[in-house]
Amino acid sequence: MANSSSTAFIGIGVMGEAILTSVLRTVDPQHVRVADGRVEYARERAAAHGVRAAASNTEAVDGAAVVLLAVKPKDIGAVAEEIAPAITPGAVVVSVAAGISTAFLESRLPAGTPVVRVMPNTPATIGAGVSVLSAGTHATPAHLDQISTLLEGTGAVYRVDEPYQDAVTAISGSGPAYVFYLIDALAEAGVLGGLSRDLARDLAVRTVAGAGAMAQQTGEHPVVLRERVSSPAGTTVAALRELDERGVRAAVIAAAETVRTRSIEMGRELDS
Ligand SMILES: NC(=O)c1ccc[n+]([C@@H]2O[C@H](COP(=O)([O-])OP(=O)(O)OC[C@H]3O[C@@H](n4cnc5c(N)ncnc54)[C@H](OP(=O)(O)O)[C@@H]3O)[C@@H](O)[C@H]2O)c1
């Protein structure tokens, strides 16, 4: 029988550990079990988080009410087939794999298994992430509520219909990488201007964090916030013209579109 509060994590890599870290803000570690391809590594990470390590994926899912799959998309089909016989009836299977549909998982799991697809992002590690949920065929609003509650320590939780998950992947799933890229470029410009590397990086990080927090807290449109920083004939408006002339806005949109297309392709490749 499923222990109504127990959660199994399969795959303790970058994203599995980010979610585990935050889930443990609200969930008792005694109710969490982890498994990874490398058993020793799973033991080490389990000890670091005060949770239990399972010797195998099937041992981890035995009796769990929620099974969270955080392995790479290429591995998830095999993992779903491996754990299928050990899943407790009524358990919810959650997948964070980019591009993998709930239908793909449902076809490998026992008939009727509720599947929830989630696109998280790495700021989940510090409770400042975004997780976007979609229900599979057998997942009810109550299952989505259950997983929203489980993930509330990771940051904001939203819901979309599954076809929008590829667009979500392009914005919030991959988005932290675009922002880190911007931070690095800004810091480099500071070094070029003669600042020490440490100071340049701190200024860049705090500027991005402060601007993000301001956009979130004021709720103002980014164009309005941008215009307030740009006085007529001033320095900032000249910088913004340079960004436009160099196609930065178009490049950001094109980069996100590439992710969306790749996410769709990955799903198709694995489905075929
Ligand atoms: N990283 C992100 O920013 C991000 C954002 C959104 C969604 N995601 C999704 O999160 C998932 C995990 O990505 P990641 O970046 O965390 O990858 P990762 O760091 O490579 O983690 C995957 C983990 O799964 C383990 N694993 C592989 N095969 C396994 C198996 N058969 N059974 C149990 N564990 C197994 C891996 O162990 P080995 O190293 O030994 O193979 C590794 O520890 C992906 O599906 C990805 O699409 C990631």
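**A walk through the predicted model**

Asparagine 57 lies in helix 3 (residues 57–61), where helices are DSSP runs of H or I with at least four residues and strands are DSSP runs of E with at least two, both numbered from the N terminus. The model is predicted, so local features need pLDDT of at least 70 and side-chain atom pairs count only at pLDDT 80 or more, whereas totals for chains, interfaces and linings use all residues. Residues are numbered from 1 along each chain as its sequence is written, and side-chain values use heavy atoms, with hydrogens and water left out.

An unreviewed UniProt entry lists Asn57 under "binding site"; such positions are given in the numbering used here, with feature names shortened, and the annotations may be inferred rather than shown by experiment. Asparagine 57 counts as buried because its relative accessibility is 12%, buried meaning under 20% relative accessible area, exposed over 50% and partly exposed in between, with a 1.4 Å probe and protein chains only. Not counting residues up to four places away in sequence, asparagine 57 touches Ile10, Ala35, Asp36, Val79, Glu82 and Ile83, a contact being heavy atoms within 4.5 Å.

The largest nonpolar core has 28 residues, and Phe9, Val116 and Ile147 are those with the most contacts inside it; a nonpolar core is a set of buried Ala, Val, Leu, Ile, Met, Phe, Trp, Tyr and Cys residues joined through side-chain atoms within 4.5 Å. Two or more residues come from each of helix 1 (14–23), strand 2 (32–35), strand 4 (64–69), strand 5 (92–95), strand 6 (115–119) and helix 6 (141–150), and helix 1 gives the most, with five residues. A second, separate core of 24 residues includes Ile10, Ala64, Ala80 and Ala84.

The domain assignment, which is automatic or taken from a database, divides the chain into domain 1 (3–168) and domain 2 (175–263), whose C-alpha centres lie 33 Å apart. The unreviewed UniProt entry places "domain: Pyrroline-5-carboxylate reductase dimerisation" at residues 164–266, and over residues 164–266 the chain is 84% helix and 0% strand.

Serine 172 sits in helix 7 (residues 165–173) and is buried, with a relative accessible area of 14%. Leaving aside neighbours within four places in sequence, serine 172 is in contact with Asn121, Val130 and Val132. Further along, helix 9 (residues 197–218) has 22 residues and reaches 31 Å from its first C-alpha to its last, close to the 32 Å expected at 1.5 Å a residue, the expected span being 1.5 Å times one less than the number of residues. Glycine 219, whose phi is positive, near 70°, follows helix 9.
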